[in-house]
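Me: I would like to learn how to read a helix and its aromatic contacts in a model. Where do we start?

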Amino acid sequence: MLKTNEPLEPKEPGGPLRVIIIGRISTEHQSLENIDASHEYVKKHLNEIYGGEMLLKCLGERGSGMLKNRTTIREAEDLIETGTWDLVIVEDLARAYRNTQYQIGFVQHCVDNDTRLISIGDALDTADPNWQAILHVAAVRHGMYIPDTQRRVRRTASHSFNNGGMVLKVPFGYRKLSREEAATGTYGPVGLRIAKIPEATPVIQEIRQRLLRGDSYSAIARWLNEEGVPVGKYVQRKTWLNKNIVDLLRRSLLKGVRQFGRTKSQLVFKTGKHKRSLNEMPEEKFYPELAHMTPAELDEVWAEMDARDHRKDHSCAHRRKGVPRRESFWPGQHLKCFNCGEELYWIKPDKLRCRHSVAGSDHACWVQTFVSAEMVRLKLLPQLVAYLRCHPDLLKLVIDTAWEEYRRTSEHGQRKLHDLEHQVADLDAQSKRITAAIAKRPDSESLLNQLDVIDQELKRARQGLEQERQQLHATRIALSRDEVEQRLDETILDLSRHSMQFGKLLSRTFPKLILTPVQALDSAQIHPRIHWELPSYSGSEPVILVADAFEESLPIKHVFDFQRCRNEHPDWTLRMIQQHLNLGIGTIKRACHYTKLMNELGTADKYRVVTERPTKASRWRKESIADSDSVDNESSDVA
């Protein structure tokens, strides 16, 4: 155990020693109790080396130590940056990070912010003059564990596969076997942990026949759903979709060939995440007992699927190609449903909706409200800027981030623009050369085909060039930090529309963004209301920003104006109020009616908050309301 010679002292004389303890486990197979055990081990060591009063902040989570962005490590780094904590203590550096680059950076971050760090298992104490040498020795030691562990895992996995194991997620038509079942050899060779379901063979053969006669994937999926055929156990949505059909038919397992390592996984050291690609040479082993088709039948199916893929137009790549799902413009991947707690997903370029409200979802959520992302930005971000101006430290962080993001996008855009200009010039030169060759050989079909391909690539490159020019122009709204600060409202709004990195900052700094549905007092239509909880500072209460993210009808929008006129001038007629507010008489009459409704209900809110599934909701799926009625009837019968 590390014994430090330098006594621990709080920065605040007479105050408690402020300590951050970090724990972590890697996978879901490990018990969360391991984090508590790590904390207790560290506390015991603290009690041995310090006898005064302590204020402990225990952080812990389940997540890979190779990941750079994790919730608790970011929280720890933000706390350290305040400079108010005296000590960071860990069982060993792997509790913070496993990537040696980030281990060194984390320790240096503590030193830069005048926060002492102790790593018990590494005999590291930054109060020791030789801490840098000890740190690098510890980093080398931790770095050697990773390749050794990877090699052992690959070796064990390959050995298990060749003996019938490594059965992870089985597709439709198959089931996992227990160790006892596999040991009997009833379903195949002894040790094989997977068996086919014989009753599924006629279904798979019918899928094959329908595909070969020309049925679309959608038609096959619809037939399976109508027949009530259960989808595979590990499919999240419990209904057949096109992708389920394609995934099933592309498996060599249907002809009895098990594959292991169909995809290759490569660690991206910058983020700690993995990049996956198709493995052209996976390990294979043939088990005739697993076949639902003959090899010739499956080859025929694959030929038909390849022909369909070839007929598709792949000239226009999807705008999200190559972009991870977690990368999104704000408020995507941030806004959550109050009912089920799940994130809202993009369903249109400007529309968000609860992921569990999709028809046929196994986790059906009754909140079907659509949310306009642009409306959320326009109504919430100005309130955020007003809040930031009251908190200088937070304001500085946002301004610095916004400025850096403008610089980064501008520099990246300049490089990309330069590359696209070269690409257009090269393609244009190729097109001219081929055109000249065609003038000499006008009957050459190969030259004509080649010219068509070049012209299509040139068209796409020119479109990309024009889009990049427009994007680069948009990033030049603010060119210096002072301009960003002066035009903060406009800058934040622009970044929320164009910068995924800035969206990440908002999501990480202010994570509690909740959708709550509301309903007009005289209407069945449901509207989105957004609550954004901002953290407290200096002991103050958290601030909650509220925005009705929809366009209000004119009478409801001017209800408070109508009420003010009535209170200030009780003798005015509706016509006089109409002339004063410069509104239509119909609008004033409905505003008067709406005021009476609010008075009858004793509420100052123009809308009622909907916390339970409504019996009637305009523009919502009728089957959802019908399901609600049936649930209510069933519950009343049970009662």
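Reply: Start with H10: its 16 residues reach 21 Å from first C-alpha to last, close to the 22 Å expected at 1.5 Å a residue. The expected span is 1.5 Å times one less than the number of residues. Helices (H or I, at least four residues) and strands (E, at least two) are DSSP runs, numbered from the N terminus. This is a predicted model, in which local features need pLDDT of at least 70, side-chain atom pairs count only at pLDDT 80 or more, and totals for chains, interfaces and linings use all residues. Residues are numbered from 1 along each chain as its sequence is written, and side-chain values use heavy atoms, without hydrogens and water.

Me: Where does H10 kink?

Reply: At Leu380, shortly before the proline Pro382, by about 30°. The bend is the angle between axes fitted to the seven residues ending at a residue and the seven starting there.

Me: How is a pair of aromatic rings described?

Reply: By the distance of the centres and the angle of the planes. Rings of Phe, Tyr and Trp (its six-membered ring) pair if their centres lie within 6.5 Å; planes under 30 degrees apart count as stacked, over 60 as edge-to-face and the rest as tilted. The structure holds nine such pairs. The centres of Tyr387 and Phe510 are 6.5 Å apart and their planes at 85°, so this pair is edge-to-face. Tyr387 lies in H10 and Phe510 in the loop between helix H15 and strand S16, 123 residues apart.

Me: Are Tyr387 and Phe510 buried or exposed?

Reply: Both are buried (under 20% relative accessible area, with exposed over 50% and partly exposed in between; 1.4 Å probe, protein chains only). Together with Trp330 and Trp532, they form one aromatic cluster.
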